[in-house]
Amino acid sequence: MEKKTCANPLVIILLVCFFLLGTSFNISLIFPFYTINSIFSTFLACVMTNNQASSYFVEAKIKQLAPSPPVNPSIPRFAYLISGSKGDLEKLWRSLRALYHPWNYYVVHLDLESHVQERLELALRVEKDPIFSHVGNVHMITKANMVTYRGPTMVANTLHACAILLEKHKDWDWFINLSASDYPLVTQDDLLYTFSDLKGELNFIEHTSELGWKEDGRAMPIVIDPGLYKTTKSDIFWVTPTRSVPTAFKLFTGSAWMILSRAFVEYCIWGWDNLPRNLLLYYSNFVSSPEGYFQTIVCNAPEFSSTVINHDLHYISWDVPPKQHPHTLSLNDTAKMIASGAAFARKFKKDDPVLDKIDMELLNRSNGSFTFGGWCAGNPPCSKFGNPTKLRPGPGVKRLRRLIGRLVLSAKFSQNQCN
């Protein structure tokens with residue numbers, strides 16, 4: 001049986017045109033509407049089947065010549081919060097420029113305790129910086145929040161920044177919270193290059209369920225943070241009676257500094273499960289809630305507990321046993337900082353000589369400029385905006401990859417990181 005073929009498309013077009021012209025006055029009497037539709041459908045199918053590469057149709061040639069869509073870049077994006085308080089303007093500005101990369105996003109915040117002049121100066125600098133204004137990836141929280149050290153207002157400020165970043169930008173992969181007392185030990189090119197090989201689900205959160213003295217000293221007392229309802233800063237205060245350790249969830253504690261996946265941040269902000277909201281209420285009366293809120297969420301959420309890497313990628317020097325504050329780092333700590341392989345270190349004094357040493361030897365940064373990277377163009381370097389996806393990792397990438405490789409391998413062979 002011979003296979004039927006469709007007629008020449010041009011002949012069919014002429015026949016259809018004459019047919020429609022001859023019947024246009026009483027077409028409804030001859031053919032129902034669905035019949036006309038079926039004619040056009042049959043005609044189009046016939047044309048498609050006759051020769052998909054037919055030279056009569058320009059679209060076919062365009063389709064053949066059109067390039068394939070570009071592949072999505074594999075380079076991740078980081079979304080930063082850099083926060084400070086009274087007297088931190090210069091420290092925050094230096095950290096921002098050392099951390100800056102046009103591929104990333106940044107939220108900066110000076111809290112309500114800082115002078116109005118400081119906040120206005122920061123806003124003016126962000127607005128007037130030619131790179132920042134051209135790229136448009138640095139945002140300042142102009143309506144300052146009151147932030148109490150050790151109180152839930154610090155958690156609220158972090159969540160505020162997360163919400164801003166989620167609303168403004170849809171394409172970042174990890175959130176990093178830092179203070180004005182933090183400083184990078186690797187370039188952003190080092191960090192981006194290293195994280196381009198990692199699964200986007202990973203969360204770098206130092207954590208433990210071994211509360212020790214913190215069970216009596218932090219979990220059981222009930223505190224009030226005046227920053228929730230006052231415009232002047234004052235410390236948290238204790239109230240009575242105390243409370244027992246919760247049984248509805250397991251408490252975890254750790255570092256207040258972390259690198260969170262976008263998926264986990266969305267879970268904390270949107271809270272399609274009620275756990276993030278319940279824990280936010282619970283930690284509103286908890287001593288040093290920034291050191292437990294995110295740890296307790298991630299380790300009590302089954303969909304995220306297996307994504308945790310037990311490290312904050314910071315170098316921090318503590319007493320043994322640790323006191324309330326870590327050591328202030330100096331030139332004497334340089335070798336240990338580098339050997340740690342960490343991406344960041346804290347805490348530093350304003351314009352300490354060790355920062356100049358880090359700029360010169362680790363970041364290739366001088367005279368208050370941006371940290372040098374593949375994106376830098378112009379003369380002097382980084383005075384103009386080049387290709388943001390062009391990475392030039394330096395020696396720091398080896399240290400960082402070694403540390404993260406060891407951490408990921410350790411987590412891989414652990415049945416559950418949240419122990």
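Biologist: Against which elements do the buried residues of α12 pack?

Modeller: This is a predicted model, in which local features need pLDDT of at least 70, side-chain atom pairs count only at pLDDT 80 or more, and totals for chains, interfaces and linings use all residues. Residues are numbered from 1 along each chain as its sequence is written, and side-chain values use heavy atoms, leaving out hydrogens and water. Helices (H or I, at least four residues) and strands (E, at least two) are DSSP runs, numbered from the N terminus. With contact meaning heavy atoms within 4.5 Å, the buried residues of α12 pack against α8 (152-168), α10 (214-219), α11 (262-270) and α13 (293-300).

Biologist: What arc do these residues cover around the axis of α12?

Modeller: Buried means under 20% relative accessible area, exposed over 50%, and partly exposed in between (1.4 Å probe, protein chains only). In α12 (residues 275-283), Leu275, Pro276, Leu279, Tyr282 and Tyr283 are buried. They lie on the same side of α12, because the arc, taken from the directions from the helix axis to the C-beta atoms, is only 125°.

Biologist: Is threonine 231 buried or exposed?

Modeller: Threonine 231 lies in the loop between β8 (222-224) and β9 (237-239). Not counting residues up to four places away in sequence, threonine 231 touches Leu112 and Met146. Its relative accessibility is 64%, so threonine 231 counts as exposed.
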